[in-house]
Amino acid sequence: MAEMGSKGVTAGKIASNVQKKLTRAQEKVLQKLGKADETKDEQFEQCVQNFNKQLTEGTRLQKDLRTYLASVKAMHEASKKLNECLQEVYEPDWPGRDEASKIAENNDLLWMDYHQKLVDQALLTMDTYLGQFPDIKSRIAKRGRKLVDYDSARHHYESLQTAKKKDEAKIAKAEEELIKAQKVFEEMNVDLQEELPSLWNSRVGFYVNTFQSIAGLEENFHKEMSKLNQNLNDVLVSLEKQHGSNTFTVKAQPRKKTKLFSRLRRKKNSDSAPAKGNKSPSPPPDGSPAATPEIRVNHEPEPAGAATPGAALPKSPSQPTESPAGSLPSKEPSAAEGTFAVAWPSQTAEPGPAQPAEASEAAGAQEPGETTASEAASSSLPAVVVETFSATVNGTVESGSGAGRLDLPPGFMFKVQAQHDYTATDTDELQLKAGDVVLVIPFQNPEEQDEGWLMGVKESDWNQHKELEKCRGVFPENFTERVQ
């Protein structure tokens, strides 16, 4: 009999639950169709939105913290293995072996302590913080169900009251069920209305405490680890002093063997054989606008005692080397110097059959090795005073510092000083001695630059020769240190 009674109770409870689910489903359908009104609380809905956002943020923070702890543990294992390797290779007769072993042991303990404190002060706090969300989430869902029950009981009571044939017994029972459903709903609603805003405001203090703990633990860890690393460095310095003759030689990075300078030589040879009669600068081969020199010639009559016709002009730092007697001096624009020195015949000379511009065009058309009439006549002309001015490229005067300075190579970027000797292994490489200063310049073709290599010219060679083509070369960057 007891079993039957128990089964009956169970069956009755199941039937009651099924009936409640059917009633709720019917009520929700009517509400969605607009045939039944729905009780709404906008303030509570905002609290629910905040709750879901807070839960999402907390879950993400917990996931990232676990990832961070896993990374700390992995770093601990890697550091431990590295220290074990150091102890294995550290031979017994070397000085500082005991100190190195003690440092490795302290290193291991420091990693373990750091990981454990992160678990205790951050991860466990995070787990406690998130532990309250599942219960509140289930209570919010239950409140939603009780709200549907309340609306359903209210609609049922209203329908009995508006019916044509009123049954007082049914109305009284419906009213009783309505009061009961309202009481259950309001009790849950009041509790959640108080608890959800408090939970939402608690997030600020939780985030502050969590990240303060992580930051403080990490700061102390790195301080202690820095001390251990300094001690290990001191041990290795003492080992180096006793075995200073066995210094490790720094090697350059491997470089692709490009035929850079063979191409440069071919280009130089092709550029160094223009027609002798061409007295004007030719445009760059890439078609970019050529530098336009500002040339000013002093045509004032020569004072007494001036240079006689055909005599060589005195040299100045900005003047080019004198051309052979009987030829018009002409100087190609130089990026290294950035100035031009050009001497034209004096106006007192008898003009020839052609104007200077026409003579220049006629001279440019002659064959190499021939001498024009104007060149032959210039041997008897008096010398002229030459003034030099800066070259103007696209309206900008190229002078002063950088590529326009006379004491630096064109395109100069910065200086480096060799820290180790380097023996060149190819014709396009620089031979370096420790202490050599190198002026770094860009590659003419950036695609020819290998990783870890720079192009430059030794400062001593540049000051002596001023010839970039012969002095420049590539060198390994890790053999040098930037000084300017």
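I began with isoleucine 14, which is found in helix α1 (residues 2–33). Helices here are DSSP runs (H or I, at least four residues), numbered from the N terminus. I was looking at a predicted model, where local features need pLDDT of at least 70, side-chain atom pairs count only at pLDDT 80 or more, and totals for chains, interfaces and linings use all residues. Residues are numbered from 1 along each chain as its sequence is written, and side-chain values use heavy atoms, with hydrogens and water left out.

Next I turned to α5 (residues 168–242). Its 75 residues reach 109 Å from first C-alpha to last, close to the 111 Å expected at 1.5 Å a residue. That expected span is 1.5 Å times one less than the number of residues. I found a kink of about 30° in α5, centred on arginine 203. The bend is the angle between axes fitted to the seven residues ending at a residue and the seven starting there.

I then checked serine 202, also placed in helix α5. Serine 202 is partly exposed, with a relative accessible area of 31%. Partly exposed lies between buried (under 20%) and exposed (over 50%), using a 1.4 Å probe and protein chains only. Tyrosine 129 is 73 residues from serine 202 in sequence, and 9.7 Å away in space, C-alpha to C-alpha.

Last, I looked up lysine 466. I located it in the loop between α9 (459–465) and α10 (468–471). Lysine 466 has a positive phi of about 60°, although it is not a glycine. It counts as partly exposed, at 40% relative accessibility.

How values were computed: Helices (H or I, at least four residues) and strands (E, at least two) are DSSP runs, numbered from the N terminus.
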